[in-house]
Amino acid sequence: MVLPGGAGAHSGWAETTTDDGSPALLAVRTPPGDPAVPAGRTALLHAHDPATGIFFITPLDLGVLFS
């Protein structure tokens with residue numbers, strides 16, 4: 001879930017759950033040209049930049065997937 005402040009091309013934070021159920025805080029960004037992801041929304045992690053530790057996300061609308 002994207003945390004307060006949302007996530008855009010320059011900054012953002014998201015919380016996820018690890019395999020053992022522990023919470024993990026991730027530095028996230030949206031790819032250049034993609035829309036920002038508002039706080040409280042679910043997002044799909046689709047890339048990781050090991051040089052910066054940043055994960056790239058895209059908005060995920062679960063309602064569309066399960067309608």
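Analyst: One term to begin with: a polar contact is a pair of N or O atoms within 3.5 Å; within protein, one must be able to donate a hydrogen and the other to accept it, and residues adjacent in sequence count only if both atoms are side-chain atoms. The model is predicted, so local features need pLDDT of at least 70 and side-chain atom pairs count only at pLDDT 80 or more, while totals for chains, interfaces and linings use all residues. Residues are numbered from 1 along each chain as its sequence is written, and side-chain values use heavy atoms, leaving out hydrogens and water.
User: How far is the backbone oxygen of H10 from a polar atom of the R29 side chain?
Analyst: The two lie 3.0 Å apart.
User: And where does R29 sit?
Analyst: R29 is in strand β2. Strands (E, at least two residues) and helices (H or I, at least four) are DSSP runs, numbered from the N terminus.
User: What does R29 touch?
Analyst: Not counting residues up to four places away in sequence, its contacts (heavy atoms within 4.5 Å) include G8, A9, H10, I54 and F55.
User: New topic. What is the strand order in the sheet?
Analyst: The open sheet has four strands in the order β1-β2-β4-β3, with mixed pairing. β1 and β3 (43–49) are the edge strands, each pairing on one side only. Two strands pair if DSSP finds at least two bridges between them.
User: How do β1 and β2 run?
Analyst: Antiparallel: five bridges join β1 (residues 13–17) to β2 (residues 23–29). W13 has A27 as its bridge partner, and E15 stands opposite L25. The two strands form a hairpin with five residues between them, and G21 in the turn has a positive phi of about 90°.
User: And β2 with β4?
Analyst: Those run parallel, and two bridges join β2 to β4 (residues 54–59). V28 is partnered with F55 there.
User: Last one, G33: buried or exposed?
Analyst: Exposed, because its relative accessibility is 80%. G33 lies in the loop between β2 and β3.

Key
Buried < 20%, exposed > 50% of the residue type's maximum accessible area, 1.4 Å probe, protein only.
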